[in-house]
Amino acid sequence: MNKNILKNIPNFLTTFRIVIIPILIMSFYIEGMVAHFIAAALFAIAAITDYFDGYFARALKVQSNFGRCLDPIADKLLVIVAIVMLINFSERSLWILIPGLIIICREVLVSGLREFLAELRVSVPVSKLAKYKTAVQMVAITGLLLGIKLSLVLLMVFLAKALFCLAAILTVITGYAYFRVGMKNM
């Protein structure tokens, strides 16, 4: 395979994730149960590309400024848009609203903090717990997208809501770790 093509795989995956976002939004406006499957499939595909863009960038040693800049933006946009759409279409479920708002606030606050620390040349590596948080969050959101209004899959919806709450708890824990580092540098 051409080295230029290999070099661009991570950036392609990041760009692909950004392109999926408006399609994900549009899927919420499709009538019927097929909308849930489309939304869940789009989100799951995007979540998988989140894993593989980083994996390929490291494995192929092709990290780029483009990827360093856009990858975290794509990740945050994907999660925040999905959560906002879930909140909007969840018939005001507190099981989605409260953890969703916690996750959104953490994502925005940690992004700002990481940017501030980068200006100070303070590196805050992603912890294993933060990676587990992301995995739990992606599975939970996929489950919620799949079953938000489907009474046939009540157990799956319950498990997705439980995972979403767990993701919110892990979000607070990992966010606190970032802020502890940040406070030392302010």
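This report looks at a pocket, a pair of helices and a pair of aromatic rings in a predicted model.

## The largest pocket

Let's begin with the open space in the protein. The largest pocket has a volume of about 1600 Å³. Its lining is made up of 47 residues, and those nearest the pocket centre are Asp50, Asp71, Pro72, Asp75 and Val126.

By residue type, the lining of the largest pocket holds 22 nonpolar, 12 polar and 13 charged residues.

## Where α3 meets α5

Two packed helices can be described by the angle between their axes and the distance between the axes. For α3 and α5, the axes come within 11 Å and cross at roughly 35°. The crossing of α3 past α5 is left-handed.

You can find the contact by looking for Leu78, Val79, Ala82, Ile83 and Leu86 on the α3 side. On the α5 side, their counterparts are Gln137, Met138, Ile141, Leu144 and Leu145. Nine residues of this contact between α3 and α5 are nonpolar and one is polar, with no charged residue taking part.

## A stacked pair of rings

The model contains eight aromatic pairs. One to look at is Phe12 with Phe16: their ring centres are 6.2 Å apart and their planes lie at 20°, so this pair counts as stacked.

How far apart are Phe12 and Phe16 along helix α1? They are separated by about one helical turn, because they sit four residues apart in α1.

Key. Residues are numbered from 1 along each chain as its sequence is written. This is a predicted model: local features need pLDDT of at least 70, side-chain atom pairs count only at pLDDT 80 or more; totals for chains, interfaces and linings use all residues. Side-chain values use heavy atoms; hydrogens and water are left out. On a 1 Å grid over the protein atoms alone, a cavity is a set of points where a 1.4 Å probe fits but cannot get out, and a pocket is an open set with protein on both sides within 12 Å along at least five of seven lines; lining residues have an atom within 4 Å of a point. Grid points are joined across faces, edges and corners, and a volume is the space filled by probe spheres set on the points. Ala, Val, Leu, Ile, Met, Phe, Trp, Tyr, Cys and Pro count as nonpolar, Asp, Glu, Lys and Arg as charged, and the others, Gly among them, as polar. Axes are lines fitted to C-alpha atoms, for helices over the stretch in contact, and angles run from 0 to 180 degrees between N-to-C directions. Helices (H or I, at least four residues) and strands (E, at least two) are DSSP runs, numbered from the N terminus. A crossing is left-handed if the near helix is turned anticlockwise from the far one by less than a right angle, and right-handed if clockwise. Contact means heavy atoms within 4.5 Å. Rings of Phe, Tyr and Trp (its six-membered ring) pair if their centres lie within 6.5 Å; planes under 30 degrees apart count as stacked, over 60 as edge-to-face and the rest as tilted.
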